[in-house]
Amino acid sequence: MELTAILLGAAFGFCLERGGMASAPKLAGQFTGTDFTVLRIMFTAIVTAMLGLFWLDRFGLVDLSRMYVPDTHLPAQAIGGVIFGLGFATAGLCPGTSCVAAATGRLDGLAVMVGLVLGVFTFHAGFAVAQPLYDAASLGPTTLPATLGLPYGVVVCLVVLLALAAFGVARVFERRP
């Protein structure tokens, strides 16, 4: 199982690099509305994983009910999302793309990875201060189908339709003068 994870991670990293995701200016295009490659690559990865798991479950090869779903801690995750977004917008790289950039020899990717590691250690050292916020609103394991009260297959279909719509809208924005 570990070898499979390593191979899948390496394949995903390869695809990110081939898609140009090791380039901070290309990633910054997402924020300026001029290049939506990030949206297309990430939505494609999400839809591929979602469809793969859906059909593997339907064919009895994977039991989704046995998959681990981490607890949702809304306030802490909202703050973490803001911090992540600010870091992404500032550096032009996210954790995955910074690894890809560093692996291709880019110093900006290495700098972001150093910052990530320092952030992890800083958060760990100060977790006692953050723990009340972390525990404040634990919603337990939360999934989109459960939250929406819809069957998993319907949610899969809706996410695929959302991705296709996002691809169409992105194309319109990229073509604008």
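Tutor: Let's begin with F12, which touches M42 and A45 when residues up to four places away in sequence are not counted; contact here means heavy atoms within 4.5 Å. F12 belongs to helix α1, where helices (H or I, at least four residues) and strands (E, at least two) are DSSP runs, numbered from the N terminus. With a relative accessible area of 35%, F12 is partly exposed. That label sits between two others: buried means under 20% relative accessible area and exposed means over 50%, using a 1.4 Å probe and protein chains only. F12 can also be placed against I46: the two are 34 residues apart along the chain, and 12 Å separates their C-alpha atoms.

Before we go on, a word about what you are looking at. This is a predicted model, in which local features need pLDDT of at least 70 and side-chain atom pairs count only at pLDDT 80 or more, while totals for chains, interfaces and linings use all residues. Residues are numbered from 1 along each chain as its sequence is written, and side-chain values use heavy atoms, with hydrogens and water left out.

Now follow the chain to M21, in the loop between α1 (2-18) and α2. M21 is buried, because its relative accessibility is 2%. Look at its neighbours: leaving out residues up to four places away in sequence, M21 touches L16, K26, L27, T37, V38, I41, L93 and T97. For a sense of distance, T143 is 122 residues from M21 along the chain, and their C-alpha atoms are 28 Å apart.

Where do α2 and α3 meet? K26, L27 and Q30 on the α2 side meet T37, V38 and L39 on the α3 side. These residues of the contact divide into three nonpolar, two polar and one charged. For that sorting, Ala, Val, Leu, Ile, Met, Phe, Trp, Tyr, Cys and Pro count as nonpolar, Asp, Glu, Lys and Arg as charged, and the others, Gly among them, as polar. Helix α2 (residues 24-32) and helix α3 (residues 37-58) pack at about 95 degrees, and their axes are 7 Å apart. The axes are lines fitted to C-alpha atoms, for helices over the stretch in contact, and the angles run from 0 to 180 degrees between N-to-C directions. The two helices are therefore roughly perpendicular to each other; under 35 degrees would count as roughly parallel, over 145 as roughly antiparallel, 65 to 115 as roughly perpendicular and the rest as oblique.

Helix α3 also holds R40, which is partly exposed at 28% relative accessibility. Neighbours within four places in sequence aside, R40 is in contact with F167, A170 and E174.

H73 takes us to strand β1 (residues 71-73). It is buried, with a relative accessible area of 7%, and beyond its neighbours within four places it is in contact with Y134, A137 and S138.

What about the cysteines? A disulfide is a pair of cysteine sulfur atoms within 2.5 Å, and the count by that rule is zero. For C15, the closest cysteine sulfur is in C94, 15 Å away, too far for a bond. C94 is in no disulfide either, as the nearest cysteine sulfur, that of C99, is 8.7 Å away. C15 is partly exposed at 48% relative accessibility, whereas C94 is buried at 17%.

Finally, step back to the whole chain. It has nine helices and two strands, in the order α-α-α-β-α-α-α-α-β-α-α. Along its principal axes, the C-alpha trace spans about 45 × 45 × 35 Å. Of the 177 residues, 21% count as buried, and among contacts between residues at least 6 apart in sequence, 63% join residues at least 24 apart. The chain exposes about 11700 Å², with carbon and sulfur atoms supplying 74% of that area; such areas come from the Shrake-Rupley method with a 1.4 Å probe, and for residues only the protein chains shown count as cover.
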